[in-house]
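New notebook page. I want to look around this protein and jot down what I find.

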Amino acid sequence: MLVLTRKPNQSIMIGDQIEVSVLSIVGEKVRLGIQAPTEIPVFRTEIYVEIHARDGEPTRDPGKPRREADADLDDAVRESGEL
């Protein structure tokens, strides 16, 4: 995992097409803006997990070891009431 420090109005690029900008920081909340081509879907993780769980597709966080990520996915699905 790459960890970066950014201030409001600063951004990072992911490849040539995706820009993630820090819009504001208020207390513990960070507002991000994401510019990406329309063909690249962008979801909050909990929504992404729900969509794939509903569709019966496995998901995992590529930044975590498989066993830990699978346990997290199972927990998320249980919390959503899908199991």
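Which element gives the most to the lining of the second largest pocket? I looked it up: β2 does, with 3 residues.

**Ground rules.** This is a predicted model, where local features need pLDDT of at least 70 and side-chain atom pairs count only at pLDDT 80 or more, while totals for chains, interfaces and linings use all residues. Residues are numbered from 1 along each chain as its sequence is written, and side-chain values use heavy atoms, with hydrogens and water left out.

**Overall layout.** I found 2 helices and 3 strands, and along the sequence they run β-β-β-α-α. Both kinds of element are DSSP runs numbered from the N terminus: helices are H or I with at least four residues, strands are E with at least two. Next I checked burial: 14% of the 83 residues count as buried (under 20% relative accessible area; exposed is over 50%, partly exposed in between, with a 1.4 Å probe and protein chains only). I also looked at contacts (heavy atoms within 4.5 Å). Among those with a separation of 6 or more, 6% join residues 24 or more positions apart.

**The sheet.** The three strands make an open sheet in the order β1-β2-β3, with antiparallel pairing. At its edges I noted β1 (11-14) and β3 (29-35), each of which pairs on one side only. From one strand to the next, the twist averages 25 degrees (axes are lines fitted to C-alpha atoms, for helices over the stretch in contact; angles run from 0 to 180 degrees between N-to-C directions). Between β1 and β2 (residues 18-26) I got 4 bridges; two strands pair if DSSP finds at least two bridges between them. One of the partners I wrote down: M13 bridges to E19 in β2.

β1, β2 and β3 are the elements that give two or more residues to its lining. Among the lining residues I spotted I12, V20, V22, I25, V30 and L32. A pocket here is an open set of points on a 1 Å grid over the protein atoms alone, with protein on both sides within 12 Å along at least five of seven lines; lining residues have an atom within 4 Å of a point.

What is the phi of N9 near? I read 70 degrees, a positive value in a residue other than glycine. Most residues other than glycine have a negative phi. N9 lies in the segment before β1, and N9 is exposed, with a relative accessible area of 72%.

Terms used
1 Å grid on protein atoms, 1.4 Å probe; cavity = no way out; pocket = protein on both sides within 12 Å on 5 of 7 lines; lining within 4 Å.
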